[in-house]
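Colleague: Could you walk me through this model? I'm new to reading these.

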Amino acid sequence: MNTKGQVTIFIIIGVLVVAAVLIIFLLVPRLNTGPATDSANPSAFIESCIMGDLEDTIVTLSLQGGQLAPTSYYVFENNNVGYTCYTNEYYKTCIVQQPLLHSQIEKELAEALSDVSDTCFSLLQQQYEDEGYSVSMDLGETQVSLLPKRIVILYNHSLALTKTDTRSIEEISVVLNNNLYELVGIALSITKWESNFGDAQTTPYMDLYRDLKVEKKKQSEGTTIYMLTDRNNGNTFQFATRSVAWPPGLAVGAP
Amino acid sequence: MNNQHISYVASFFLVLTFLIGLTSAVCCEKTVDGNWCQNAEQDQCATNFGATEYKVAPTSCDQTTFCSVGTCIDTNQGKCIDNTAQRTCQEQGGVWDSRNSADIVQCQLGCCRIGEQSSWTEQANCKKLATLYGVETTFRLDIASEELCIATSEPRVKGACVLDSGIERTCALTTREACQTLDGSNGGTYIDRFEFEPAEGVSTSFYEDTLCTDETLGTNCARSEKTTCVEDKDQVYFVDTCGNIANVYDASKVNDQNYWSDLIDPVDSCELNANLGNAARCGNCDYISGSICAAYERGENTKPSIGEYVCQDLSCSYDTNGNNEIDSDEVYQHGERWCAIAPGINKDFSQSYIPNPREENLVGSEYYRLVCYNGEVTVEPCASYRQEVCVESTIETPDGVGFRNAVCKPNLWETCLGQTEQEDCEDATLHDCRWINSGRLKPDLSDEHGQELNEKINRLYDMNREVVERRDVSTNMIEGWLGIDPETYFEFVCVPKYAPGYEFWEPQTTKQSGEQVTDMCSVANEVCYYTTADDIFGQTTATIEDCGKDEGNCHCVPVDDNWYWLALKENMCLSLGDCGSSVNYLKVEGGDSWDVTRSDEL
């Protein structure tokens, strides 16, 4: 068999393979790309359902000083960065505005996820009903916890699933690996320094925590933006302070 | 305007600032933009939000009870934070204490040991962490600092935990306590280096300071040529065939059975050279010294002789001087900090350097600090308007290389004008000032000295007219030619060493009254009278030739705007800040702000 004939055969085989793949995609029912439908693992279903919103909310919170809609903020690189410590005066140290930053973030997350969580639980219920279960659901409290290296969302919703027998699920949890807890802890430490002394050094934190990058950007009207970045995963938490600001020249009065 | 007048002006300014601050602001418990406890104008105060009412008081916030600050205790996390107002704390779910955190027992910071790690935190937070991690913790108040706390972490005793099921004899490198739980039982007696009292099923034995690859243990774990990085550790480690971490990577010992038997402290392992020259064969990295374990990446680090991990150099190369080359002094060690070279700032960053106000600290210039960490350079701007300047020093190190350190230092210029003695003025511990010739003759200058000065200036001008009319001639040079000690004839004044920046495009007014206040630049204003004479045509002229020895103030005769007195005044004006006729940091010339007026009438 000559070379040209061999090439022709290979081309024909290639065309047939491509055609077969196209037929499979067009004619065979598509794979379900929605949330996990494993009814034995409702936590995985909920996790898959809320994960997009959860991650987006965490990013927004992290870029805005732990607040989704800050009322007192500094605009930095198109983000409204909330103040953790603030004074409008010159020469004075700031007053702490967010003393319980961990708890604040937990509350913000819980509120932000409320609607999407309800939707996901409705979908879960629908999924079970489609599988022939009779579902009784009692919605309880949602608790968000910032913990070392993870964020845990605990739904105290009770589900009773009845088919041939009845199965009860009292608690559903979603765990996201994230070091927001640690970054917020460092942010509070820096806030303490700002409120006591009017400034904080960045390098001691990088000496102690090898994977942490701390950046400080002073702005012309006295605000300082701090950016804490985990070098391993790029997660960033940034916040603003305004403490012991110096006026240009001998300007008199508040800005 | 002599030194005493300048002091009065400066003092008046400060008192005015204080009084204006006192009389017009109120204390807002909450402002309309959501800030707690701010002194602001009445219309900035939020009076209510829904059913919640917020207080307003016609005084400073630190005089009120509702905005006095204390410590907010987060009982959930066990953490404390100072300088928090009571309502701020309570509305966010905390417990408020009027005392400073240092005076509250539960807010005392100490060293919290959690497993092998340490954390500098409050005792309540330490207990919280114990609950979260499910481990025991110890809390020590006798360790005085965070650095000491982390430096004195005591790693738990580790060794080979051999598990024998009768079918398989395997091993895990772990702690004694973890080994005791691996077989699922809680009882039994542990005897060092002997078998644990076996329960049914798997028996465990713990061998302190021994690796799983010790041949005498007879486990199925063997040596390998695999390496890895370990979380929270700097070094590259060997890994055995069971996946256990072994000793620090040392290529010369990969087949040394002794190196695979005993657990060896990194301090006793191979030594990594300072320049990482032997990084291919030794994985004993050290973060403080500038190296850490990282995966090998071609072009990024050295290829290891064995395995896929190597000590990565954390130093930085940075083109600080902008010449598109990395010079030998532009390789920075991990942790070094230095001042960026930017247009219009000091050419030398040592604290003792005296800048030239004509060329340095120009309008619009700012200082930046550069920091090298983990092989990356970050830029930190110092405060704007040159309210901070970057100063740099080098710490001597035993290897002679030196370690650079830089800080953004506050520019302490505001008290300069109030200093009347050179020693006080140049006290670098209190201010950043310098002592210069103000261009004003001493009020008590004798006639004899006055005439002497006039004669010298007259003679000098005759001899060196072309030279002294050049703008680049310094006052020091002129004084050298004159052969004078300027302190004999002139008043000296204390001015900022680093000329500060102003919002000179805004009128200097008070926010409250809109009334014009004195600005810094006018401090250099001066009226200097000189004698004129009529020429043969009856025209009144004033030239240096007319300024004879019997006539006064030759030093301030304006001759084509290039003269000694003008040079002195310009020096003073530029030193005060963004004043005078100068260029900005982009070398663009400013408008003509010199105004030398001549009046024929006294």
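**Confidence first**

Colleague: In chain A, where is confidence lowest and where is it highest?

Modeller: This is a predicted model, where local features need pLDDT of at least 70, side-chain atom pairs count only at pLDDT 80 or more, and totals for chains, interfaces and linings use all residues. Residues are numbered from 1 along each chain as its sequence is written, chains are lettered from A and ligands numbered from 1 in the order in which they are written, and side-chain values use heavy atoms, leaving out hydrogens and water. As for pLDDT, that's the predictor's confidence in each residue, from 0 to 100, while helices (H or I, at least four residues) and strands (E, at least two) are DSSP runs numbered from the N terminus. In chain A the lowest mean, 83, belongs to helix H1 (residues 3-27), and the highest, 98, to strand E12 (residues 236-242).

Colleague: What does chain B average in pLDDT?

Modeller: In chain B, 80% of the residues score at least 70. Residues 184-199 of chain B are below 50, with 23 contacts (heavy atoms within 4.5 Å) beyond near neighbours in sequence. The chain B average is 83.

Colleague: How much area do chain B and chain A bury between them?

Modeller: Buried area here uses a 1.4 Å probe and is summed over both parts. In this model, 67 residues of chain B are in contact with 57 residues of chain A. Of the buried area, 51% is on carbon and sulfur atoms, and the total is about 5300 Å².

Colleague: Which residue of chain B forms a salt bridge with A:Lys149?

Modeller: A salt bridge is a side-chain nitrogen of Lys or Arg within 4 Å of a carboxyl oxygen of Asp or Glu. The rule finds 6 of them across the interface of chain B and chain A. For A:Lys149, the closest N and O atoms are 2.8 Å apart, and the partner is B:Glu231.

Colleague: What ipTM does the predictor give the complex?

Modeller: The predictor gives two scores for the complex. Its pTM is 0.83, and its ipTM is 0.83.

**Two sheets in chain B**

Colleague: What is the bridge partner of B:Leu163?

Modeller: Another open sheet of 3 strands in chain B has the order E13-E12-E14, again with antiparallel pairing. The edges are E13 (169-175) and E14 (203-208) of chain B. Between E12 (residues 158-164) of chain B and E14(B) there are 6 bridges. In E14(B), the partner of B:Leu163 is B:Thr204.

How values were computed: Buried area = accessible area lost by both parts, 1.4 Å probe. Pairing = 2+ DSSP bridges.
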